[in-house]
Amino acid sequence: MEMNEMYLKTAFCCMACDGSIAKQEVESLKQYVSDNKNAFLGVDIENTLKAYISEINSQGTQFLAKYLKEVSSLTMSEEDQLSLIKLAIDIIESDEQIEYSEVAFFKKIRRELTISDESILAIMPDKGDYLLPDIIDDSPMEWLHSSFESIKMI
């Protein structure tokens, strides 16, 4: 998987991990794509998102678990990791309703990265809460919605 695809899949997973996709999350993704056009060269965003919706609706949390494995297997620079983290947090916060499932999922993403907390806090000093340990950090994703059959892109 290329980095541009990883950014898109990260945004999608962070939007969908709470069981629904808010209009503000979609708008935030559109703005990110608009601001970073070069990052998405060669990616058919609309069709890729449609495929992700279909996959998560049929696979549920398995789709998210597969994504986490993809994150861990991809070699990323520190800059790529910081961009991925910033995108994930921006998407999570875009609807101004931060749910536990979203933060817990972010922490699972964070565990798959090699970047230091200090590097993250250097560019996002107010996001320390996202880096705190989670009480169910080692558990499977039971806290996520197990059924995604109603996920739609608004």
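This is a predicted model: local features need pLDDT of at least 70, side-chain atom pairs count only at pLDDT 80 or more; totals for chains, interfaces and linings use all residues.
Residues are numbered from 1 along each chain as its sequence is written, and side-chain values use heavy atoms, leaving out hydrogens and water.

Let's start with H6, residues 100-111; helices here are DSSP runs (H or I, at least four residues), numbered from the N terminus. Of its 12 residues, 10 are buried, meaning under 20% relative accessible area with a 1.4 Å probe, protein chains only. Among them are Val103, Phe105 and Ile109. The cover includes H1, H2, H4, H5 and H7.

Next, H3 and H4. Their axes come within 6 Å and cross at roughly 120°; axes are lines fitted to C-alpha atoms over the stretch in contact, with angles from 0 to 180 degrees between N-to-C directions. Contact means heavy atoms within 4.5 Å, and on that basis Tyr52, Glu55, Ile56 and Gln59 in H3 meet Thr61, Gln62, Phe63, Leu64 and Lys66 in H4.

Now the rings. There are five aromatic pairs, with centres within 6.5 Å; planes under 30 degrees apart are stacked, over 60 edge-to-face, the rest tilted. Phe12 and Tyr52 are a tilted one, 5.5 Å centre to centre and 40° between the planes. That pair links H1 to H3, 40 residues apart, and both residues are buried. Phe106 and Tyr130 sit 5.3 Å apart with planes at 80°, so that pair is edge-to-face. Finally, Phe12, Tyr52 and Phe63 form one aromatic cluster.

Note on methods:
Helices (H or I, at least four residues) and strands (E, at least two) are DSSP runs, numbered from the N terminus. The expected span of a helix is 1.5 Å times one less than its number of residues. Buried means under 20% relative accessible area, exposed over 50%, partly exposed in between (1.4 Å probe, protein chains only). Rings of Phe, Tyr and Trp (its six-membered ring) pair if their centres lie within 6.5 Å; planes under 30 degrees apart count as stacked, over 60 as edge-to-face and the rest as tilted.
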